[in-house]
Amino acid sequence: MSCKPHTTRTEVVDKRIWSELFQLTAEYKAVNLGQGFPDLPPASFVQEALFNAVNGGFHMHQYTRSLGHPPLVKILAKFFGRVLGQEIDPMKDILVTMGAYQAVFCAVQALVYEGDEVIILEPSYHCYEPMTLMAGGKTVHVPLKPQKVTGPTGSSADWVLCSEELTSKFNSHTKAIIINNPSNPLGKVFQREELQMIADLCIKHDVICISDEVYEWLTYDGAQHIKIATLPGMWERTVTIGTAGKSFGVTGWKVGWAIGPGHILEHLQKIHQKSICHCPTPTQEAVAVCFRMEYDTFGTEESYFRQLRTQLQAKRLRLAECLRSVGLQPFVPDGGYFIITDISNLKVDLNDPSTKDEPYDYRFTKWLIKEKGLSTIPVSGFCSPEHREDFQKYIRICFVKDDSTLEAAEDILRKWKDEK
Ligand SMILES: Cc1ncc(COP(=O)(O)O)c(CNOCC(=O)O)c1O
């Protein structure tokens, strides 16, 4: 064994439940409400855009501009310039990445140095912590706390950010805060007051905000998505991250982006150029076509994003009603792809000795796959060991699925209820 203290940067990355659950889901052919991808085809105009790109001539099959396909960065600058109310230089203020995942990676790798502290609000998307640790940073976790829920249904708005606790975590070592709005897994849409609290602390302590907004178009019941980069003094210190995967229902295309001031983006661009260098040309061309079409209808009845919201709102309601009807307590999300539900009143005999040392929700989700054929995700898997205990009585369920998939899940849950 090497005598050096560290042999790899991956030693700091703990094993997460994800791949194990995906494997079990496949092995048991479970109904998959676990992983966040639509199991239905994208809109026809989206499919046509890729078809036309692939048949658009030889240059569509060769390298394009490393930092982003020119037609794509141009329409992203125009589209988000309008949304952010900001002049955006397509060549300096944008980086196209392999999904939002790589945009987060470039931001953390570029901006977090050995010993820097990064504040992460929990439960949080699972890549933030390992990416920070691999960059030599230190993660500082602030849990969102559930307010007392009266009645059979909670809301993602019941999970609140404690001002005193957040304030206490900012110090001279704090380099960045990563926020996810709307959030995964809670579906929380941050209110202006909460974003202002975060902004005030970032400005006071000269901290960068990495704002993961992949669900930016998916807010329900009139909830408003506010981009923190639009708050006074925040454009110059915010990296705003998005993805075509969740915007156009094409998670397999892996086209994401980071948008922010050139003095920050130049560093992300260097990480990208010295790691993967190029993103695929055809999918970038197709996403550019989709955004040009949406630009003309944005905010009108014909807007695709508005129609997508309506379609997903109905699926969200359907799943919430099913969960309530079988005695579960869902927290109806104001945004995103997922509903979390409290499972503490479900009495099941988790008699699998192989999982006895795992958190309760890990054990429950494995039992649900093996015994009932339904795949979900444990919420404590979105938490650091420090707060994992507080989140072990919830599971995450994806409602962005074909109606036939939702129906299969409803049958399993209702049959289970009748057996009890
Ligand atoms: C908050 C967040 N950021 C980033 C990403 C990654 O985006 P992309 O697919 O564009 O890399 C995702 C993708 N969702 O993951 C599926 C799941 O939680 O089951 C995400 O939810």
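Which residues in H2 meet which residues in H10? The legends below take up this contact and further close-up views of the structure, which is a predicted model.

**View 1. Packing of helix H2 against helix H10.** In this predicted model, Phe-45, Val-46, Ala-49, Leu-50, Ala-53 and Val-54 in H2 meet Pro-282, Thr-283, Glu-285, Ala-286, Val-289, Cys-290 and Met-293 in H10. The residues of this contact divide into 11 nonpolar, 1 polar and 1 charged. Helix H2, which covers residues 44-54, and helix H10, which covers residues 281-297, pack at an angle of about 135°, their axes lying 8 Å apart. That angle makes H2 oblique to H10, and the crossing of H2 and H10 is right-handed.

**View 2. Packing of helix H4 against helix H9.** The axes of helix H4 (residues 99-111) and helix H9 (residues 262-273) are 8 Å apart and form an angle of about 110°, and H4 and H9 are therefore roughly perpendicular to each other. From H4, the residues Gln-102, Ala-103, Cys-106, Ala-107, Gln-109, Ala-110 and Leu-111 meet Ile-264, His-267, Leu-268, Ile-271 and His-272 in H9. This contact of H4 with H9 comprises 8 nonpolar, 4 polar and no charged residues.

**View 3. Surroundings of the ligand.** The ligand is surrounded by 18 residues, of which Gly-36, Asp-212, Tyr-215, Thr-243 and Lys-254 are the closest. A backbone N or O atom of Ala-100 lies 2.9 Å from an oxygen atom of the ligand, while a polar backbone atom of Tyr-101 is 3.0 Å from an oxygen atom of the ligand. From the side chain of Asn-184, an N or O atom is 2.9 Å from a ligand oxygen atom.

Terms used. Residues numbered from 1 in each chain as written. Predicted model: local features only at pLDDT ≥ 70, side-chain atom pairs only at ≥ 80, totals over all residues. Heavy atoms only, no water. Axes fitted to C-alpha atoms, helices over the stretch in contact; angles between N-to-C directions. Helix = DSSP H or I, 4+ residues; strand = E, 2+ residues; numbered from the N terminus. Parallel < 35°, antiparallel > 145°, perpendicular 65-115°, else oblique. Left-handed = near helix turned anticlockwise from the far one by under 90°. Contact = heavy atoms within 4.5 Å. Nonpolar A, V, L, I, M, F, W, Y, C, P; charged D, E, K, R; others polar. Near = heavy atom within 4 Å. Polar contact = N/O pair within 3.5 Å; in protein donor to acceptor, adjacent residues only side chain to side chain.
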